[in-house]
Amino acid sequence: MPWCDSCDEYRAPSALTVDGQCATCDSEVDVADLAVPAPTKAPWHFKLMVAALVLYLGWRLIEGFAWIAARF
Ligand SMILES: [Zn+2]
């Protein structure tokens, strides 16, 4: 959220003028925070966990089919 130093308040991006200035006091607003933060890369242990989960659920699915097949 952009911060207005003069008003000492946060301003919604829609509350700014087209020039990126505060609509209330018409002064410069710090729009550095307007930039979308770079997406953080998923850590390796998260990918490992997802891979393990896929393997586990895949195995349980095969087990499930084997269980169903054993009933007929
Ligand atoms: Zn202002």
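**Close-up views of the predicted model**

**View 1. Aspartate 8, an exposed residue with a positive phi.** Aspartate 8 counts as exposed because 7 C-beta neighbours lie inside 10 Å, where the cut-off for an exposed residue is 12 or fewer. Please keep in mind that this is a predicted model. To find aspartate 8, look in the loop between β1 and β2. Its phi is positive, at about 60 degrees, although aspartate 8 is not a glycine. Most residues other than glycine have a negative phi.

**View 2. Aspartate 26, in the loop between β2 and α1.** Here is another residue other than glycine with a positive phi, this time near 65 degrees. Is aspartate 26 buried or exposed? Aspartate 26 has 11 C-beta neighbours inside 10 Å, so this residue counts as exposed. The loop that holds aspartate 26 runs between β2, which covers residues 9-10, and α1. Proline 39 is 13 residues away from aspartate 26 in sequence, and in space the two are 32 Å apart, C-alpha to C-alpha.

**View 3. Helix α1, residues 44-70.** The 27 residues of α1 reach 39 Å from the first C-alpha to the last. That span is close to the 39 Å expected at 1.5 Å a residue. How many residues of α1 are buried? The count is zero, and the helix is hardly covered. Confidence in the protein is highest in α1, at 97.

**View 4. Strand β1, residues 3-4.** Confidence is lowest in this strand, with a mean of 84. For the protein as a whole, pLDDT averages 86, and 90% of the residues score at least 70. Where pLDDT is low, the predicted coordinates should not be read in detail. From the N terminus on, the elements follow the order β-β-α, for a total of two strands and one helix.

**View 5. The two domains and the chain as a whole.** The domain assignment gives domain 1 as residues 1-36 and domain 2 as residues 40-72. Taken over C-alpha atoms, the centres of domain 1 and domain 2 are 48 Å apart. Stepping back, you will see a C-alpha trace that spans about 75 × 25 × 20 Å along its principal axes. The radius of gyration is 26 Å, whereas a compact globule of 72 residues would have one near 11 Å. Of the 72 residues, 6% count as buried. Among contacts between residues at least 6 apart in sequence, 25% join residues at least 24 apart.

Technical notes:
Residues numbered from 1 in each chain as written. Predicted model: local features only at pLDDT ≥ 70, side-chain atom pairs only at ≥ 80, totals over all residues. Domains from an automatic or database assignment. Helix = DSSP H or I, 4+ residues; strand = E, 2+ residues; numbered from the N terminus. Expected span 1.5 Å × (residues − 1). Buried ≥ 20, exposed ≤ 12 C-beta atoms within 10 Å, placed from the backbone. Rg over C-alpha atoms; globule rule 2.2 N^0.38 Å. Contact = placed C-beta atoms within 7 Å. pLDDT = per-residue confidence, 0-100.
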